[in-house]
Each structure stands twice: as C-alpha cells, then as structure tokens.
Amino acid sequence: MKEFDHYRDGYSQRINQAIAFSGQTQDFYTKVKARCLLEMFSRLRPSVLGSEAASRDAGPPLEALDIGCGQGLIHPYFHPSKANLKLTGIDVAGTVIEEAKAANPHVHYDVYDGEHLPYAGHSFDAAFAIAVMHHVPPANWASFLEEMRRVVRPGGLVAIVEHNPINPLTQWIVKSCPFDENAVLLRSGKLAKLFRGAGLIELERRFIIFTPFDGGFFRQLDDGLSWLPLGAQYCMAARVPS
Ligand SMILES: C[S@@+](CC[C@H](N)C(=O)[O-])C[C@H]1O[C@@H](n2cnc3c(N)ncnc32)[C@H](O)[C@@H]1O
C-alpha cells in the first residue's frame with residue numbers, strides 16, 4: 001500500500017518514461033483530468049469556475065477532499081486564483097505528502113491508514129480519487145467508496161478518475177509502470193455497480209484522453225467522444241442522496 005513512499009524521488013520520471021511514446025508529459029494528462037473534475041464540480045456549484053470563481057461574490061468555496069492525492073500534482077490547477085475551492089489532500093504515503101505540502105501551501109494535507117478517513121461524517125461538499133482505486137485491493141473497493149460517501153454532505157459529489165482497461169494503450173502503460181505491478185484495473189461498468197452498492201447515484205460518466213494532442217480542436221474532439229468507452233481514462237461522478 002505504501003509502495004509510493006519508495007518511488008518518491010522517481011515518481012514523475014517513471015510516469016514520464018511510461019508515457020514518453022505519446023509525445024506528452026504527465027502535466028498534459030493532469031490538466032485534462034483537472035478540467036474534467038472542475039467541470040463536474042461546477043455542475044454541483046457553478047461558482048467553482050469562470051469569472052465568478054475569482055470574484056468576491058462567489059460565495060463559500062466548494063470544500064473538496066482529494067483521496068490518494070500523492071504529490072498533489074493536480075493541486076496547482078485547483079489554486080484559489082483559478083477555482084473557488086478549498087482543498088484537503090490525503091494519502092497513505094507520508095513522504096509524498098511532505099512533497100505535496102512543500103509545493104502547495106494553499107492545500108491542507110493529512111496521512112491516514114487507507115481505510116478510515118480521519119474526518120467526521122458530512123465534512124466535505126465533494127470527494128474525489130484519481131488513479132487510486134486500482135491500487136486498493138478489490139475486496140476493499142466497496143468500503144473505499146462507502147468512506148467517500150460518509151465524509152460527503154448529502155447532495156454532494158463523489159468523483160473517481162480511473163484508467164480505462166478497455167483501452168489497449170492504457171493496459172500497456174500500466175504493465176510498463178513498476179508501481180502498477182499490483183494494480184487491478186476496474187471498468188466503468190464495475191464502478192457504476194459499486195456506486196449503486198454504496199448508495200450513490202451516478203450522475204456522469206466521461207471517457208477522456210482519446211488523443212495525446214493539445215489545443216482547441218483536440219479538446220473538442222475529446223468532449224465529442226466522451227460517451228465512447230475507448231478513452232485512455234474515465235471520469236465518473238455520483239451524488240450522495242439528500
Ligand atoms: C498513481 S498514484 C496517484 C496520485 C494522484 N492521485 C495523482 O493522480 O497524481 C496512487 C496514489 O494512491 C495512494 N493510495 C494507495 N492506496 C490508497 C488508499 N487506500 N487510500 C488512499 N490513497 C491510497 C498511493 O499512495 C499513491 O499516492
């Protein structure tokens with residue numbers, strides 16, 4: 001579980017090696033995921049994004065929890081200057097959290113045992129986990145989501161970003177990453193069932209990263225294809241019943 005402590009120094013380097021063939025660095029993929037999540041959050045609370053986010057009238061920030069946040073690589077995209085968010089990050093690996101703290105003074109960080117989130121029920125408006133569930137043993141998938149649901153307020157959002165096992169390139173990348181040795185990938189359909197089992201109501205399922213290219217045209221292409229279960233990753237959001 002804490003294997004990421006061992007990869008601390010080479011984490012980004014190893015990811016970049018695994019995806020080098022695509023001609024993009026990890027930051028490109030991080031940005032795509034940030035955009036997807038921010039759009040999902042903004043459907044819950046429109047003032048999270050856009051000009052309102054930076055204004056004084058934006059209202060209270062959306063309180064969001066990033067579970068398995070690692071080094072917090074996505075957190076610069078959730079800086080208060082860009083989004084009306086108040087962010088907490090948590091991980092099982094203490095050393096990566098130290099790095100995240102140094103890089104993102106705007107975020108509060110905690111370390112936990114991987115099972116019981118150290119927060120009271122209904123503490124957040126949203127909880128999300130990016131590329132974490134495939135490191136959680138399948139026997140614990142249900143309880144992982146139940147913990148997410150517990151800490152989110154009624155009407156709030158649970159969002160998961162995962163590798164799409166249907167995409168052959170994703171399979172290949174996972175096989176070439178040393179810290180994915182024990183990974184068990186889950187299909188979006190399986191996650192939908194797990195959402196239902198945890199009492200969550202699926203709101204949105206988007207497949208992302210169809211091409212490794214940046215820019216307006218390719219962004220529109222990605223958006224247009226988001227229904228097609230072939231993207232390299234997927235982003236799913238569910239609502240906690242009121
Ligand atoms: C592939 S990394 C993803 C890091 C980050 N979410 C990102 O997208 O850059 C997976 C992370 O999940 C963490 N992790 C593994 N099992 C966990 C669990 N049960 N609860 C929380 N984090 C966990 C690891 O320590 C690692 O930091």
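Predicted model: local features only at pLDDT ≥ 70, side-chain atom pairs only at ≥ 80, totals over all residues.
Local features need pLDDT of at least 70 and side-chain atom pairs count only at pLDDT 80 or more, while totals for chains, interfaces and linings use all residues. Residues are numbered from 1 along each chain as its sequence is written, and side-chain values use heavy atoms, with hydrogens and water left out.

The ligand is surrounded by 18 residues, each with a heavy atom within 4 Å of the ligand. The closest are Gly68, Asp91, Tyr112, Gly114 and Ile130. By class, the shell holds 13 nonpolar, four polar and one charged residue. Here Ala, Val, Leu, Ile, Met, Phe, Trp, Tyr, Cys and Pro count as nonpolar, Asp, Glu, Lys and Arg as charged, and the others, Gly among them, as polar.

The side chain of Asp91 places an N or O atom 2.6 Å from a ligand oxygen atom. A backbone N or O atom of Gly68 lies 2.7 Å from a nitrogen atom of the ligand. A polar backbone atom of Gly114 is 3.2 Å from a ligand nitrogen atom. The protein buries 94% of the 600 Å² that the ligand exposes when taken alone (Shrake-Rupley method, 1.4 Å probe).

Pockets and cavities were found on a 1 Å grid over the protein atoms alone. A cavity is a set of points where a 1.4 Å probe fits but cannot get out; a pocket is an open set with protein on both sides within 12 Å along at least five of seven lines. Lining residues have an atom within 4 Å of a point. Points are joined across faces, edges and corners, and a volume is the space filled by probe spheres set on them.

The second largest pocket has a volume of about 260 Å³. Its lining comprises 14 residues, and Lys31, Val32, Arg35, Asp214 and Arg219 are the closest to its centre. Helix H3 (26–44) gives the most to this lining, with five residues. Seven lining residues are nonpolar, two polar and five charged.

Two cavities reach 30 Å³ or more. Val32, Arg35, Cys36, Arg206, Phe207, Ile208, Asp222 and Asp223 line the largest cavity. H3, strand E6 (201–208) and H9 each give two or more residues to that lining. The second largest cavity holds about 30 Å³ of space. Its lining includes Tyr112 and Gly114, both also among the residues closest to the ligand. Helix H6 (residues 141–151) supplies the largest share, three residues. Helices (H or I, at least four residues) and strands (E, at least two) are DSSP runs, numbered from the N terminus.

Note on methods: Polar contact = N/O pair within 3.5 Å; in protein donor to acceptor, adjacent residues only side chain to side chain.
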